[in-house]
Amino acid sequence: MTPTENDSSSSCIKGKGKAKHPEPSERTPLLLHHSDAAPSPSQPRVVHDEDVDLESSSDARRRLLSKLTFVFLVSLSSCILIFLLLALLAYSYAARLSDVSPEDILENALVIQGPYQVSVLDVTADGGTRIQVRARAGINAGSIMGVDTDGDEGTFYDMWKSFGRWGVKILDRVTVDVSTTQIFSQRQALLATLDSPPFELPLTANPPYDDSWLSPLSLTLFVVPTQNASDINQFVHDSWHLGAASVHASIPSVIISGGSTDKGGWRQILKLQRSSIQTQLSMKLPPIPGLPTPGKDVPLPSISQLITLQSFGVESEAKDVTVHALATVVNPVPPIINLTAPSLPFIISLPSENHSLVPMVLVHTDPFMLTHPNITLTISGSVLPLPPHHSAPISAFISRFLSLEPNPVSVACPLFPSFALDMEFPAPSSKPQILRNVTIHDMKIKPNSASTGFLASGSVFARIVLPKGMDLTLDVTRVFPDVLVFDGEAHELPTLLLPQQKDEEELPDPLPERAFGHIRPEDWLEATSVQVDAEGEGSIFAVTADMVDVPLEVLPGRQKQFSNFISKVVFGTHGALAGLQGTTDVGVHILGLPFRDHDDTATGMDLLGLPFRGSVRIGMKDLLV
């Protein structure tokens with residue numbers, strides 16, 4: 001082959017494929033010329049290669065775009081289909097929820113265990129009470145939505161229920177916002193209103209048979225009871241006779257939102273609202289130890305049957321009289337409720353002659369907890385400043401107390417001014433003897449020149465012994481005795497007449513046996529007192545009052561008994577023993593007791609009708625005839 005053929009052959013080869021650089025040899029220059037390194041644009045083979053590359057790239061892009069469009073359309077269709085399916089599922093669940101009534105939720109879905117602790121946080125000036133309630137609660141959403149695992153209803157329906165359970169699990173909990181709730185009795189009397197902040201309740205679609213799925217719930221309620229005491233009293237009586245406390249709750253609006261109260265997100269878009277909810281609540285009254293079983297024909301026990309006064313005491317301070325007591329109260333609350341109450345104030349009042357109430361003592365309880373079967377209350381306080389001319393209620397109280405009779409009192413809480421409990425202050429277990437060792441020193445008897453009677457003179461002596469626990473400081477300033485004189489020791493009087501029941505000139509009817517004389521001064525007798533050491537009792541005071549020429553009247557029809565007594569005095573070796581029996585009014589100043597008159601100056605009080613019994617020996621030298 002000639003060199004020319006070789007060249008043409010090489011040219012033909014180059015035109016059919018990619019140009020290849022010649023193999024380097026020892027004759028190849030190290031630096032190529034520009035014309036050698038880059039082919040000339042005029043070369044037709046180079047233009048042909050570029051067209052082929054552009055066509056291939058364009059086809060690839062078209063194929064890629066077609067594939068991406070297909071994938072997008074398939075994805076979009078899938079998303080739309082899934083969205084439609086989810087929307088249909090959500091609509092089906094929403095349709096189920098829209099048919100759920102509040103009664104279904106309360107009876108079949110809402111599960112509450114407790115309350116196991118109730119704490120009174122504070123009481124406001126307007127009578128409201130803020131209470132913290134602790135319990136365990138949850139909502140069985142599967143039962144009201146029909147997505148629980150009970151029963152086998154086909155593959156599609158089981159899948160539908162599975163999606164529902166999955167949705168409940170994702171939602172996890174709901175927030176409940178309840179408007180102001182009104183509580184009515186069965187007679188439609190408003191008893192109280194309740195307000196609460198929004199609170200959370202956990203959800204479950206398929207709860208276990210035990211209560212392990214319930215979550216702790218701490219709820220703060222603001223309760224404002226009605227100020228109509230008669231409605232409360234009627235409700236208590238109705239509940240006792242029915243054996244259960246039944247109320248009607250009216251809730252204007254309830255909004256249930258998905259998710260927690262303190263977290264936003266898509267869950268809170270889900271809302272369910274119900275309006276004008278009416279429901280009935282009832283709780284059977286538990287048996288109360290020591291009290292009869294509630295029933296239609298069983299009378300309601302009085303408040304006094306629920307309260308036992310264990311101890312009671314008063315003490316004089318420099319500026320007031322303090323009161324302290326220990327009482328137990330029957331606990332009617334079920335043992336599952338643990339209630340903690342703060343200090344509560346109470347005003348104790350006594351009835352007056354015109355049937356009004358006179359506030360006497362302001363006390364408060366120490367904070368206490370509910371214990372079973374009884375609650376122990378530690379009570380302390382002080383006597384209130386008493387208005388002028390109101391010693392009669394105190395005197396009546398003391399007289400009944402000394403006669404072993406219970407005293408009516410009224411107990412009211414200033415935080416709930418419309419409520420007052422009428423109860424009885426218990427009588428002591430044994431009859432106290434306030435006036436002891438009553439006698440008349442140096443007694444002289446002489447005829448009354450102005451009448452047919454006699455006149456008595458002497459120094460009246462007695463000890464005032466206060467009951468144990470009454471550590472008062474007294475200053476006895478005057479006494480007004482009303483005495484029957486007996487031949488020999490006097491017997492005990494019948495039931496003591498209260499001061500408002502006793503006329504000034506009234507004598508016992510019938511007259512006591514062996515009584516012959518009656519001593520009653522025309523005015524108060526000045527007295528002095530000295531405190532002496534107490535021996536296992538309350539405060540003790542020695543009282544002395546001089547009487548001069550006080551009338552001694554012979555009782556009607558007892559002239560013979562009087563003559564017999566005078567004979568004993570005249571002819572007896574040691575004279576004769578005269579029994580003394582009666583009552584006396586005592587005017588005292590009590591240290592710290594803030595009695596005030598109309599000029600707002602401190603004054604004393606009169607204790608009326610204190611009973612006493614004593615004796616005095618009268619000899620011949622004591623008769624001035």
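Visitor: How many aromatic pairs does a search of the whole structure find?

Guide: The search finds eight aromatic pairs, in what is a predicted model.

Visitor: Why is the pair of Phe-312 and Phe-425 called edge-to-face?

Guide: The ring centres of Phe-312 and Phe-425 are 5.3 Å apart, and a pair needs centres within 6.5 Å. Their planes stand at 75 degrees, and over 60 counts as edge-to-face, so the pair is edge-to-face.

Visitor: What parts of the chain does the pair link?

Guide: Distant ones: Phe-312 is in strand β10 (residues 307–316) and Phe-425 in strand β18 (residues 416–425), 113 residues apart.

Visitor: Why does Phe-312 count as partly exposed?

Guide: Its relative accessibility is 35%. Buried would be under 20% and exposed over 50%, so Phe-312 falls in between and is partly exposed.

Visitor: What makes Phe-425 buried?

Guide: Phe-425 has a relative accessible area of 15%; the cut-off is under 20%, so Phe-425 is buried.

Visitor: Why is the pair of Phe-401 and Phe-425 called tilted?

Guide: The centres are 6.4 Å apart, with the planes at 50 degrees. Stacked needs under 30 degrees and edge-to-face over 60, so this pair is tilted. Phe-401 lies in helix α9 (residues 391–402) and Phe-425 in strand β18, so the pair ties together parts 24 residues apart in sequence.

Visitor: Which residues form one aromatic cluster?

Guide: Phe-312, Phe-397, Phe-401 and Phe-425.

Visitor: How do you know that Arg-478 lies over the face of Trp-524?

Guide: Arg-478 is at 3.9 Å from the ring centre of Trp-524, and the distance limit is within 6 Å.

Note on methods
Residues numbered from 1 in each chain as written. Predicted model: local features only at pLDDT ≥ 70, side-chain atom pairs only at ≥ 80, totals over all residues. Heavy atoms only, no water. Phe/Tyr/Trp six-rings, centres within 6.5 Å; stacked < 30°, edge-to-face > 60°. Helix = DSSP H or I, 4+ residues; strand = E, 2+ residues; numbered from the N terminus. Buried < 20%, exposed > 50% of the residue type's maximum accessible area, 1.4 Å probe, protein only. Lys NZ or Arg CZ within 6 Å of the ring centre and 35° of its normal.
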